[in-house]
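Student: Please take a close look at one part of this structure for me, the place where the chains meet. I would like one connected account.

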There are 2 protein chains.
Amino acid sequence: MTMSANTASTAKVNNGVNVMALLGAREALEKAPEAANFKWRASCQWLNGTHSRSTIGSFFGLGAEQPRTKVFAVEADHPKVFAAEDNAPTPVELVLTGLASCLTAGVAAVAQRRGIQLHSVKATLEADMDLQGILGIDDEVRNGFSAIRVHFEIDADANADDIKALVAQSQKRSAVFDIVTNPTSVLVTVN
Amino acid sequence: MTMSANTASTAKVNNGVNVMALLGAREALEKAPEAANFKWRASCQWLNGTHSRSTIGSFFGLGAEQPRTKVFAVEADHPKVFAAEDNAPTPVELVLTGLASCLTAGVAAVAQRRGIQLHSVKATLEADMDLQGILGIDDEVRNGFSAIRVHFEIDADANADDIKALVAQSQKRSAVFDIVTNPTSVLVTVN
């Protein structure tokens with residue numbers, strides 16, 4: 001009953017997410033789990049000072065190289081208070097953007113699945129960092145964020161509890177939320 | 001002796017990093033550690049489907065709000081294999097970009113400090129993800145990356161050991177390397 005009710009209401013809402021295709025992909029990957037092994041890539045070219053340009057092109061998934069029709073470029077830099085040129089966001093702001101966009105995409109996908117029409121979704125993020133870490137002043141201070149706060153303002157055809165549940169489910173299945181809140185091993189090699 | 005040797009060689013190289021200003025900032029923050037408390041921000045607006053636009057403007061640091069002359073916009077989306085429109089990089093690719101650009105900026109800053117002239121720096125990143133996590137197929141599989149590999153190709157006026165040491169020092173002081181490899185608490189609130 002719940003399922004058919006969901007299906008009926010899903011048809012009525014349009015958040016721009018193709019839930020049927022995603023459910024089909026899930027079913028296909030349940031039968032062929034090796035196709036679920038993805039490799040995401042980025043390549044970063046140093047420009048000058050702390051300014052760099054990263055490019056993001058093809059990735060590997062569903063057992064094959066997945067080309068894209070375009071290559072995306074994302075620049076990064078440091079701000080003027082660090083005696084840099086502020087040509088682009090800082091690397092840590094790009095991480096916040098990754099977290100924000102991952103949770104926001106999740107809210108849209110879960111809302112579509114639950115038959116909830118969204119009108120607007122806005123996420124506001126703030127992260128604390130004690131610069132004594134990256135400047136090497138105090139070895140007890142970490143280099144990264146000490147905490148991150150994410151606040152969602154969501155206008156949707158749903159009550160407050162259902163909207164809270166949307167965000168909770170998005171958080172539960174968010175790749176970037178996991179990357180930020182749990183450790184990931186990084187191997188760095190040179191030349 | 002080491003210090004003056006460094007200063008002499010630093011003057012000969014130009015990687016576009018103002019090391020003297022950074023050392024001055026470090027000295028100032030050692031005397032006034034409360035000024036080292038920074039707050040970085042991003043704001044994300046849902047567009048449609050999994051497509052969003054984040055904006056990055058002012059931040060707080062050195063005891064004051066730090067305005068910027070411009071607001072940066074960074075879009076994110078999901079690719080066509082997820083039945084999305086591939087308008088922009090995925091959120092996880094933005095995290096890789098943050099990691100790449102943080103380590104690359106660090107290489108430039110450390111090279112300047114050590115009097116090593118850089119000619120080119122390129123970082124190539126690849127991250128493994130098992131989609132059974134985010135699709136909810138297998139609760140034992142994490143949502144994020146299972147591993148990240150970063151490979152640097154660096155052309156510089158230095159021997160292989162000195163180039164390796166540059167990357168090691170950048171990694172040691174990288175904010176994003178820390179964020180990815182160690183857990184950070186994230187508080188999410190709604191409406």
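**Where the chains meet**

Tutor: Start with one pair of side chains. B:R68 and A:D86 meet in a salt bridge, with N to O at 3.1 Å. Keep in mind that this is a predicted model. Now take a second pair. A:D139 forms a salt bridge with B:R173, and their closest N and O atoms are 2.8 Å apart. Where do A:D139 and B:R173 lie? A:D139 sits in the loop of chain A between β6 (118-130) and β7 (147-156). B:R173 sits in the loop of chain B between α4 (160-172) and α5 (175-181). The pair therefore joins two chains.

Next, count. Between chain A and chain B there are twelve salt bridges. Over all chains, the whole structure has 24 salt bridges.

Now step back to the whole interface. How many residues of chain A are in contact with chain B? The number is 119, and they touch 119 residues of chain B. The area buried between the two chains is about 10,800 Å². Carbon and sulfur atoms give 60% of that area. On the chain A side, A:W40, A:W46 and A:R173 lose the most area to chain B. Together they make up 8% of what that side buries.

Follow α4 back into its own chain. In chain A, helix α3 (residues 91-113) and helix α4 (residues 160-172) have axes that come within 8 Å and cross at roughly 120°. That angle makes α3(A) oblique to α4(A). The crossing of α3(A) past α4(A) is right-handed. Which residues make the contact? From α3(A) come A:C102, A:L103, A:G106, A:V107, A:V110 and A:A111. From α4(A) come A:L166, A:V167, A:Q169, A:S170 and A:Q171. By class, seven of these residues are nonpolar, four are polar and none is charged.

Turn to chain B. Helix α3 (residues 91-113) of chain B packs on α4(B) at an angle of about 120°, and the axes are 8 Å apart. So α3(B) is oblique to α4(B). Their crossing is right-handed. The contact residues of α3(B) include B:C102, B:L103 and B:G106. Those of α4(B) include B:L166, B:V167 and B:Q169. Sorted by class, the contact of α3(B) with α4(B) has seven nonpolar, four polar and no charged residues.

Methods: Residues are numbered from 1 along each chain as its sequence is written. Chains are lettered from A and ligands numbered from 1 in the order in which they are written. This is a predicted model: local features need pLDDT of at least 70, side-chain atom pairs count only at pLDDT 80 or more; totals for chains, interfaces and linings use all residues. Side-chain values use heavy atoms; hydrogens and water are left out. Axes are lines fitted to C-alpha atoms, for helices over the stretch in contact, and angles run from 0 to 180 degrees between N-to-C directions. Helices (H or I, at least four residues) and strands (E, at least two) are DSSP runs, numbered from the N terminus. Angles under 35 degrees count as roughly parallel, over 145 as roughly antiparallel, 65 to 115 as roughly perpendicular and the rest as oblique. A crossing is left-handed if the near helix is turned anticlockwise from the far one by less than a right angle, and right-handed if clockwise. Contact means heavy atoms within 4.5 Å. Ala, Val, Leu, Ile, Met, Phe, Trp, Tyr, Cys and Pro count as nonpolar, Asp, Glu, Lys and Arg as charged, and the others, Gly among them, as polar. Buried area is the accessible area (1.4 Å probe) that two parts lose on being put together, summed over both. A salt bridge is a side-chain nitrogen of Lys or Arg within 4 Å of a carboxyl oxygen of Asp or Glu.
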